[in-house]
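Please look over the model below before reading on. My notes follow as numbered points.

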Amino acid sequence: MMVYVFLAIAIIAEVVATSALKASQEFTRLWPSVTVVVGYALAFYMLTLALRDLPVGIAYAFWAGLGIVLVTLIGVVVYGEKPDLPAILGLGMIIAGVAIIQVFSRMSSH
């Protein structure tokens with residue numbers, strides 16, 4: 001069960017870091033820039049812990065898929081970005097793909 005805690009922390013840290021990347025304004029603002037570096041360092045460390053027990057393909061599918069969806073939601077809420085219909089449909093497919101892996105793949109419970 002801890003493997004999923006590690007993966008969740010990795011995803012959250014990556015989402016925070018990616019969101020701060022925009023706020024850093026090309027690394028010209030100190031605290032958002034520090035958040036980017038610390039967030040990515042924590043994300044990659046937690047991902048390495050998750051990879052002890054998860055296959056790399058499954059871990060990366062969750063990391064990338066959920067990260068994309070969460071960063072998009074932060075873009076909507078924090079930065080006022082508005083995804084169009086194709087973007088929303090694509091995000092729905094990403095969510096469906098992650099759900100299919102979790103529910104149906106024996107590889108995810110490796």
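1. Helices H3 and H4 cross in a left-handed way. Left-handed means that the near helix is turned anticlockwise from the far one by less than a right angle; clockwise would be right-handed. Helices here are DSSP runs of H or I with at least four residues, and strands are runs of E with at least two, numbered from the N terminus.

2. This is a predicted model: local features need pLDDT of at least 70, side-chain atom pairs count only at pLDDT 80 or more, and totals for chains, interfaces and linings use all residues. Residues are numbered from 1 along each chain as its sequence is written, and side-chain values use heavy atoms, with hydrogens and water left out.

3. Back to the pair. H3 spans residues 56–79 and H4 spans residues 85–104. They pack at an angle of about 145°, with their axes 10 Å apart. Axes are lines fitted to C-alpha atoms, for helices over the stretch in contact, and angles run from 0 to 180 degrees between N-to-C directions.

4. Which residues of H3 and H4 make the contact? From H3 they include Ile 58, Phe 62 and Leu 66, and from H4 they include Leu 91, Ile 94 and Val 98. Contact means heavy atoms within 4.5 Å. The contact residues divide into 11 nonpolar, 3 polar and no charged. Nonpolar covers Ala, Val, Leu, Ile, Met, Phe, Trp, Tyr, Cys and Pro; charged covers Asp, Glu, Lys and Arg; the others, Gly among them, are polar.

5. The protein has 4 helices and 0 strands. Buried residues make up 31% of its 110 residues. Buried means under 20% relative accessible area, with a 1.4 Å probe and protein chains only.

6. Check Glu 14, in helix H1 (residues 2–23). Glu 14 is buried yet has no salt bridge. A salt bridge needs a side-chain nitrogen of Lys or Arg within 4 Å of a carboxyl oxygen of Asp or Glu. The nearest side chain of opposite charge, Lys 22, is 15 Å away. Beyond its neighbours within four places in sequence, Glu 14 contacts Gly 39, Tyr 40, Ala 43, Trp 63 and Gly 67.

7. Ser 19 is also in H1. Why does Ser 19 count as buried? Because its relative accessibility is 13%. Leaving aside neighbours within four places in sequence, Ser 19 touches Ile 74 and Tyr 79.

8. Ser 24 sits in the loop between H1 and helix H2 (30–50). Ser 24 counts as buried because its relative accessibility is 0%.

Terms used: Buried means under 20% relative accessible area, exposed over 50%, partly exposed in between (1.4 Å probe, protein chains only). Lys and Arg count as positive and Asp and Glu as negative; His and the chain ends are not counted.
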